[in-house]
Amino acid sequence: MDLPGSTPPPAELLPAAFASWFAGRGWAPHPHQLEMLAAARDGASALLIAPTGGGKTLAGFLPSLVELAAAPTAGLHTLYISPLKALTVDIHRNLTAPIEEMGLDIACETRTGDTPQAKRQRQRRRPPQILLTTPESLALLLSYHDAARVFGSLRCVVVDELHALADNKRGDLLSLGLARLQTLAPDCRRVGLSATVRDPEELRAWVTPPESAAPAQLIRGAPGPDPEIEILVTRERLPWSGHMALHAVGEIYERLKAVGTAIVFVNTRAQAELVFRELWRINDDNLPIGIHHGSLERERRRKVEAAMARGELRAVVATSSLDLGIDWGAVDLVVQVGAPKGVSRLLQRIGRANHRLDRPSRALLVPGNRFEYLECLAALAGVREKTLDGNPPRSGGLDVLAQHLLGTACAGPLDPDLLYRQVVTARPYSDLRRRDFNDVLDFVATGGYALRAYERFRRLAEGPDGLYRLAHRRFVQRYRMNVGTIVEAPTIKLKLRNGRGLGEVEEYFVNGLTAGDTFIFAGELLTFLGLRETWAEVARGGKGDPQVPAYGGGRLPLSTHLAERVRGLLEAPAAWQDMPPAVAEWLRLQHWRSVMPPSDGLLVETFPRGEREYLVAYCFEGRNAHQTLGMLLTRRMERLGLSPLGFVATDYVIAVWSLRPAEDMAALFSEDLLGDDLEEWMAESSLLRRTFRNAAVIAGLIERRHPGQEKTRRQVTISSDLIYDVLRKYEPDHVLLRATWADAAGGLTDIGRLGDMLGRIKGRIRHRSLEKVSPLAVPVLLEIGREQVYGSAFDELLDEGAQGLITEATEGLDQARLPLSG
């Protein structure tokens, strides 16, 4: 099906009733929708790659609707899996329309964590023919003793936005669930849907069932028109540093007034709060503007989604909570505030506009600073050249496998040999060694060598028949209360005095508040009144400078693909002339004062300032890798007697300051930095302990939620730290320590990316010893000691503290404006 020039399937594949429904709406079925019908007729699984607005989701469901209309069957026929609960609700609404308008006797329902208990119980007794759910809810359903009865009639599994699941632990859990489903319903076919795919063959393997005679068919929808993307060049001078882009809110508001409906995407929840508040502060026209992010109360989010779908809002400020799939066809403009961090992510967000295949999506990129302008320019080039980024395939997590084994045991006795053969049919676990599987099974059963003496860790018991069964029924409830791989920091609900809930913020933020402190949440100014049992009581309004809740893990690092493009822009002076004057001037001055970072190496600048010696390295490897590099560099500098005092990292640059200057850059940035230095740092690193804590929670070693209570962040940390120390001392090869090291290659520490960089720059380090700070170094130095101050107060602080630094870096500007040779 993926060969160019193949003959499209005939329209006769579409029954008359369906053809009439399409015609009644003034539509004609797309070729890829007919190809999906043909694949289903042949019993083939398929991966559909089609642009947003091309009827991709309908194409996934169309074969099921046709089959059920022709031959209605009782029981579950089609299972739809979405990465977002909001998406299941949206798809249910859109799928209900053709079912009702064609008078089809098809039951279609959703099942998520928000589904009432009575409805969930009824769905197990009498499953609907089409069930829309999430990976976590699927795992729960598979943990019941009647899973074979519920899923035995299953004919099709549709995974929407597959690219958003395939490269992470939620995808690991889903892949294991799909492998189990294939055992329960051997004839079930799989369908994957995606709009942005970097590696189609990898996703194709994902949806190819085991024992399949042929790989899943690859079906491509016709591309829509290229999106119309503009980078906002503001009247206000582009800031040197910062990422909130509040300087541009006035011009964003002007754009919102000029269009019908818009989505304003931001990169963090804190940024969402600030941009939303600033928009309302200048909203003299009383435009209906909403806010949407994952910490808001569920009902508040649902109201915003429904109002947007009805066309009642002119704009909504949103985080990644609205990245995927929700069908708001009337959206005229997508605004991306801050750098996009990746081409694929940008395309996903741009696809929220129009949702029409015959019209281009319109987008406005709003960089928050000068480096972000370069990143936006690089992303724009990536979109034009259709070069997508994404993570390479990874092996499935052993912690996720442990959770799956316990969930399988909740449903009934498990046979290790049969289960191993089933697990390796899951794409992320296809290379899983039997030894690793046995170690994970032993961990679930006993806790492992170092923990087997403790009864609480003995969750499975091996019987004389060689089958493993739950050691106690209490583990069933604990599993179901803690299922899933999303390990967020513990949160505390916010409530008004009348008991009305507003949402939740992270526990550590509340712990830093005292009665009377003010903060911004859901666009409102709130006053903290105090902790009341398990929630924080707040009142509307207040005085003083408000804080903004920050949320751990909210910022995505710069993708490797965009990093390469940014380095290319810095090395191409011919491209600078089309940039805004402030950016072009900044780059020209850098070229005059120092040199530009090379695309295939590393520029390191050193210079004195005050009583300190500064080292600035232009790595462009993302904040997480730079944080790890900073830890390792300071350790090595200490050993070399350079007396390092601290470091600061951004997505683009790292700066280290010390009492004595660094001179031997080849020794500082050698590949053995990831040897003994890494081992020593990781042994005591809080980052590695945090990674272990997440793995321990996912694997069920530490249960955040117990019947009637939830552990605090402090309790979880103490428990995991104690176990971590025991395992490192007595069982350094424990399954969870192996899982922790595997996670450390990406994630919070990004060791894998750092290792790639150290190998790439070997012999290609360019060291410039300067008398004073360079222009490119100014942004990272402005990050040093930054306070959490926002709005006009932040601008004043930045102006006062930075002016001397900027003046120092821009001395000699007239000379820098001379034409560049070469």
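What follows is a set of questions and answers on this predicted model.

Q: How many helices and strands does the protein chain have, and what percentage of its residues is buried?
A: The secondary structure of this predicted chain comes to 31 helices and 27 strands, and buried residues make up 57% of its 822 residues. Among the contacts with a separation of 6 or more, 73% are between residues 24 or more positions apart. The accessible surface comes to about 33,900 Å², of which 50% belongs to carbon and sulfur atoms.

Q: In what order do the strands of the seven-stranded open sheet lie, and is the pairing parallel or antiparallel?
A: In general, strands of a sheet pair through backbone hydrogen bonds, in either a parallel or an antiparallel sense. Here the order is E3-E4-E2-E5-E6-E1-E7, and the pairing is parallel. Strand E3 (108–111) and strand E7 (217–220) stand at the edges with a single partner strand each, so one side of each is left without a neighbour in the sheet. Neighbouring strands of this sheet are turned by 20° against each other on average, with direction ignored. Helix H5 (residues 117–125) packs on the sheet, where it touches E3 and strand E4 (130–133), and its direction makes about 125° with that of E3.

Q: How many bridges join E18 to E19, and in which sense do these strands run?
A: Strand E18 (residues 518–521) and strand E19 (residues 524–532) run antiparallel and are joined by four bridges, with Phe-521 standing opposite Glu-524 in E19. E19 also pairs with strand E20 (residues 535–540), in the antiparallel sense over six bridges, and there Leu-526 has Arg-540 in E20 as its bridge partner.

Q: Which residues of helix H10 are buried?
A: The general idea is that an α-helix has 3.6 residues a turn, so residues three or four places apart point the same way. In H10 (residues 249–258), the buried residues are Val-249, Glu-251, Ile-252, Tyr-253 and Leu-256. They pack against strand E9 (262–265), helix H11 (269–281), strand E11 (315–318), strand E12 (333–337) and strand E13 (362–366).

Q: Is Thr-650 buried or exposed?
A: Thr-650 is found in the loop between strand E23 (644–649) and strand E24 (654–658); its relative accessible area is 10%, under the 20% cut-off, and therefore Thr-650 counts as buried. A polar atom of the Thr-650 side chain lies 3.1 Å from the backbone nitrogen of Tyr-652. Leaving aside neighbours within four places in sequence, Thr-650 is in contact with Gly-622, Arg-623, His-626, Val-780 and Glu-783.

Technical notes:
Residues are numbered from 1 along each chain as its sequence is written. This is a predicted model: local features need pLDDT of at least 70, side-chain atom pairs count only at pLDDT 80 or more; totals for chains, interfaces and linings use all residues. Side-chain values use heavy atoms; hydrogens and water are left out. Buried means under 20% relative accessible area, exposed over 50%, partly exposed in between (1.4 Å probe, protein chains only). Helices (H or I, at least four residues) and strands (E, at least two) are DSSP runs, numbered from the N terminus. Contact means heavy atoms within 4.5 Å. A polar contact is a pair of N or O atoms within 3.5 Å; within protein, one must be able to donate a hydrogen and the other to accept it, and residues adjacent in sequence count only if both atoms are side-chain atoms. Accessible areas come from the Shrake-Rupley method with a 1.4 Å probe; for residues, only the protein chains shown count as cover. Two strands pair if DSSP finds at least two bridges between them. Axes are lines fitted to C-alpha atoms, for helices over the stretch in contact, and angles run from 0 to 180 degrees between N-to-C directions.
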